[in-house]
Structure formats: C-alpha cells, structure tokens
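Visitor: Can you walk me through this one? I have the sequence and the structure open.
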Amino acid sequence: MAIIAIDKEKIARIKPPVIKTGVIGWLKENLFNGVINSLLTIIIFLFMVKFVPPFIKWAFVDSVWFSTSQVCKECEGACWSAITKNFRFMIFGIYPYELHWRPFVSMLSLFTLLYFTYYRKYWSKTLLYAWLAGLVAMAVLMKGGIFGLTPVPTEMWGGLPLTLLLSIFGLTAAYPLGVILALGRDSKLPGIRYMCVTYIELIRGVPLISLLFMASIIFPLFLPEGVTINKILRAQAAIIFFTAAYIAEVVRGGLQGMNKGQYEAADALGLNYYQTMRLIILPQALKIVIPPTVSVLVSAFKDTSLVVIISLYDLLFAAKTVIQKPQWNGFSTEVYIFVAILYFLGCFSMSNFSRKLEEELDTDKRS
Amino acid sequence: MPFWLDSDKRAIFYQIFTFLMVGLLAYYLVNNTLINLEKQNIASGFEFLEKEAAFEIGETPIQYSAADSYGRALIVGALNTLKVSFVGIILCLIIGIIVGVARLSTNWLVSRIALIYIEVMQNIPVLLQLFFWYALFYESFPGPRQALNPIDGLFICNRGVAMGIPASHPAHKFIIIALVLGLVISFIIKKWAKKRQDETGTDFPVFWTSVGITLGLPLVVWLIAGAPSEMDIPALKGFNFKGGLMMSPEFIALLLGLVIYTSAFVAEAVRAGIQAVSRGQTEAAMSIGLKKSHILNLVVLPQALRIIIPPLTSQMLNLTKNSSLAIAIGFPDFVSVANTTINQTGQSIEGVALIMLCYLTFSLSTSVFMNWYNKKSKLVER
C-alpha cells in the first residue's frame, strides 16, 4: 500500500486561479460577463474617454479660481472666480455686509443642532428644548432689534439663511398641521373627514407656484386695511400649507399601517380618543413614517427655491443676480454648478439620514 | 343622560363647531376681500376673459394674435402646458425605465452610472435645472448664422433647434390612419392570441407580428402614394430659421429640465417595483420551462407593474405641476399667460383661481385614468 504523502501546507499555499479573483476576476464578473455587457462596457468607456478628460481640463486644469472677471473672459477653462469673488453675496444675499456674522452664527448653531439630531443617542427632551431655544435665538439674531443688535428688516434677508429658514420653519409648522389633517381624514365624523379630504386633495392637485402667487398677490386682500404681513412670512405660510398636505398623506399611510388590535386594546383599556391617539397610535404610526417624512422635508427644501418666482432673495435668486452683473455675465454654468452642489449636499445628507433612521428604527424584528 | 356624555350628540356638536369656525374664518376673509376690492375699484367676475388681450405669445399651437381675447390667450397657455407635459411624460417614461433597468444591470459600470444619475438629478431642485439648461443654451450655442449642423436638416443655435420634417403631402393623413389601424389590429391580434393560448396552449409571436403590422401598413400606404420624400428643411431667413419644425430654447430647456428631473424618480420607482418581485418567482418560472421573454412578460412584469404604477402616476402629475415653472424661463405656459393677464387686468383672485382650476383638471383627469388602469392591472391578481 503506497503511502501518499500529502503536503497540507503546500495545498494551503496554492492560490485560486487568477481568472476568479483579483482585478481580472472582478472585471470578468462585473464588466465583461456576456457579449452585451462587454459591448456596453466598451461603449461607455469610449464615451468617458471622450468626455471626461475635456471636462476635467475645463473644470480644473484651465480654470481660474481667484481672478478678476477680465482674466476670466480670456481664459479657456471654468471661471470659478465668479463664485469666490461673489461668495459672501451668494451665501448671504443683500443682508448688510458688516452684519454677516449674525446669519453666519445662526447657520452655525443650526448645523450644530442638525449634527446632534443626526445621532440617535443624543435624542432627548434636552435636544428638543435646544431646538426650540435655537430657533428663537436664530430668529432674534437675524432680525435684531433687541440686546443692542441693529434691526435688519426682513426684506434684506437672503441667500442660504433664507433658504434654510423657509425649509426648517416650514417643516416645523407643517408637521403638527399635517398630523391634525391626517387624523381628520381618518376621523369617524363625516363632516370633518370631508373637510380634510377636500383640503388635502385640493392642495396636492395644484402646483406650489399657484399657492405662492396666492400668498404674494391675493393674501394682502384678505387682511383688513392697515394690517400687512411681510412677504417672507406670506411665502412661508404658503410653503407650510403646501407641505402640510403632503405630510398629512404620509401620516395617513402610517395610521393605515396600524394594526386594528392596537385600537381595540386601547378601547379595552378604556382610553378615550385623545388618549388612544396620543399614547398608543401616534407614537407608533409616526415612527413608521419617519423615512417618508424626511423625503417630504427633502422636497420642501428643494421647493423653497420656487420663491425666486415671487422675487424673494433666496440662494438661487442671489446666484441669478451675480450672473446678471455685467462683469460676470456668461459664467452661469459655474455659478449654477456651485448652487447645485450646495443643494445636492443638503438633500443628499437628508436622504442619507432617512436611510440610517430606517435601519435603526426597524425594531419590529418579529415580523 | 346629559348631552355631553352622549357620544353621538357630541360628534354632531364637534362637527357643527368646526363648520362654524371655518365658516366664520371664511366670512371674515371674504368680507375683507370685498371691502378691499371695492376700495381698489376692481370689479370681480370673469368678464375680462372677453376683452382684448393686447399681448403677444411666443409659441402658439393654435392661431392667436394680440387682438384676440384673454380667454383665447389662456387657452393657448393651457395648450402649451399640455404640449410640454405630454411630450415630457413620454420622454420621461422612456428614460426613466431605461435608467431604472440599468440600475439593476449586472454590469457594474452601467449600474453605477445609473445610480449617480438618479442620486444627482433627484437632489437638485428642478427650477435650478431649468435655469441651468436655459443658460447653457443661450451661452454655449452660436447665433443662427453660425448654427451647428450636426446632421442634415438639423440646426442648433441659441434661438432654438430647427429640424427638417416631411413636407406636407395629402398622403400623410392616410399614413396616420394606417398607423392607427395597425395599432388596432395589433390589439385584436393580442386578444386573439391570448385566447388561443388559453384554449390550446399554442404560442403566437404577438410582438413581432404587431411590430410588422404597425410599421408595415403605413409603409405600404406610403409606397402606394408614390413614396413622397420631399423634406421641409429649415432655411436661414433674416435673423432666424424659417420652415421645418422650430423648437424654442425655452421649450427645450423646460423639457430637458422636467424630463431629467422626473425620470430620476421614475427610475427609482421602476427599480423598486422590479426588485419587489421576489427572485423565487423568476426561478419558479424557469423551473416550469418558460422562455426568457415569457418570464418577463407573464410573470415578472404583471407583478412589478402593479407596484410601479401608483408612484408613476404621482410622478407624472408632478411633471405636469412642475411644468408651471415655465414662467421662470419665459415659456408661455398657462401660469405664465395667467400671470400676464393678472398683471394687466388686476383680476388676481380670478387669475389664481383659474390656475388652480386648470391644474386640478389635469391632476384629476390623470388620476382618473390611472385609477382605471390600476383597477385593470389589479384584476390579474387572483
């Protein structure tokens, strides 16, 4: 009987075929699996070779970053100077130049609050109070008039702070309104139900622009003589009423996803309607709908850009103003790319947050 | 029992109370408005629709001049809105489905590019995208005299895109009739083939027959008519192109912005729908020996469509509603025309009411259609 000596160490040292691992294996698996995919890969690769290097050349190699507009006009590449030279104007709009620190501090505190909200371990009553205090402090800082701060009329507010203000206040106010509307739509009382349905469907059927028009031209007619409400507040009201209808639909989804047993259990305990909703139904329903609520927030954030149409000085309007200056005329691509990056960062981090929450809140692992 | 302990009576009381509060608020607002209107000497009502509009509109699908009435101007605006929404929805469905399927491709490069497209386009406000395309058009393309001419009969300049179209010929009417006839016949064949398959199990190549008939019939008519191939090529006259099909930069920018933005959302819906059909369904279909095309047509798509269609409906409505942003780049859609009307006549309440009514009509009719389709595709369910 021949003894076959097996060199176990040697076997362990033998590597799998090159074709299955490493770069080549990966390429074969992901880019060249099959004829059609190989063709697609080659076509896309050719396209990228044709378009990416010129773009990089335009954006980075030939570009100028800190020059006058004259240099820009002579240069081949991108003129990022249009942004760096007008940076403060684009961010803060027509807010008085020497007072820019105030919106800056406001935004800083907003970002701090957002940072803490991002991590669920910080979620507590303290954070909620911090938010309330923070919002009030931001409004005071922007407006001035007390504590020796020079008052700044709201007509001068603009840029990124205005965009953030409209979206944050918009959502904070729209959320409770939306919950009430959703409860109304789910109510057993036909009168209240129909009223809520009409409101929600009416608002969801019309574009935000029509509401903004209403806010800017019709709303003043609604008020008795002598009473005026400034334009930002009116636009804010339009955004709130608009967003509330969408939040109501999202919350209704959560209410419908509720198990009937939860209602029955609450009834069996002898809780009345308000107790049932406040203690049993809403805490669960609102938790389910946090991810879609964040997507409503994302669209509300994007939709604030529409106030350009009623000439409010938000981020987009400030960017447009820069382009209309004669010396920076013709560099709109650069300016719009910059604004797009800002919006993208905002929206993308919000949707990331929603994805993270979705995973963390998935506590109902039983089903 | 006192009435506040009786839940039925309490319910009635709550409703009456709510109605009363809403009614009071409405009365207060209406009253204020009436007083304000009287002070500003604005007569309410829709009589202004009959008056002469006295403004020109850049793009008119129907005959219109400044001497026509406001009513006709508004109809022109509504038609423009319909035009851009219709073309937009079709393009956006095509691109959205392609990108959504590409997102699920096994090709790493393709799925990554689709992912980047979806993420970037979803997260940039549509208004900004409109501005971007509009500015790009104006700044990057040469004037009409140096218009780019990438292929014969297509001119791109900063005044828009001019395209050669077949010169009008009496045969065109019949070609269109043939096309419609072809579609109807294909539909009947599909029904018949399904019935035959249900009864006998024999398969019929519905797709290729339909393609053949739908394209073949018009082709035959075209040949019978003597193959009229004369083209209406745009030509430079004065400062702009004449003839052919001319699309303004506003229209193209609006279309591009709306289509690119919305198609990213459509792609997401398509991806989610296809992914929701469990892998087991495809495997089961394979194990009973269905062909690849049958797996897709008979097993995966019917289930995926049921999930895809509701979000798709809302995206189409979104596109229609977002087309109102046309006002920002100067395309004469309904909102833009209504805004001009409001500025000229001061009839702001009526104007905004018309805008809302117009979009509500679009929204409601789209959702009626989609609900019908939804119901139809739900019947597939056992």
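Visitor: How many residues does the contact take from chain B and from chain A?
Guide: It takes 52 from chain B and 56 from chain A, contact meaning heavy atoms within 4.5 Å. This is a predicted model, where local features need pLDDT of at least 70, side-chain atom pairs count only at pLDDT 80 or more, and totals for chains, interfaces and linings use all residues. Residues are numbered from 1 along each chain as its sequence is written, chains are lettered from A in the order in which they are written, and side-chain values use heavy atoms, without hydrogens and water.
Visitor: What area do chain B and chain A bury between them?
Guide: About 4500 Å², with 72% of it on carbon and sulfur atoms. That is the accessible area (1.4 Å probe) lost on putting the two parts together, summed over both.
Visitor: Which residues form a salt bridge?
Guide: A:R355 and B:E119, whose closest N and O atoms are 3.3 Å apart. The rule (a Lys or Arg side-chain nitrogen within 4 Å of an Asp or Glu carboxyl oxygen) finds one across this interface.
Visitor: New topic. Where is the kink in α11(A)?
Guide: At A:S216, about 45°, shortly before the proline A:P220. The bend is the angle between axes fitted to the seven residues ending there and the seven starting there. Helices are DSSP runs (H or I, at least four residues), numbered from the N terminus.
Visitor: Why is α11(A) largely enclosed by the rest of the structure?
Guide: Because eleven of its 15 residues are buried, that is, under 20% relative accessible area (1.4 Å probe, protein chains only). A:S216 is one of them, and so is A:F213.

Note on methods
Helices (H or I, at least four residues) and strands (E, at least two) are DSSP runs, numbered from the N terminus. Buried means under 20% relative accessible area, exposed over 50%, partly exposed in between (1.4 Å probe, protein chains only).
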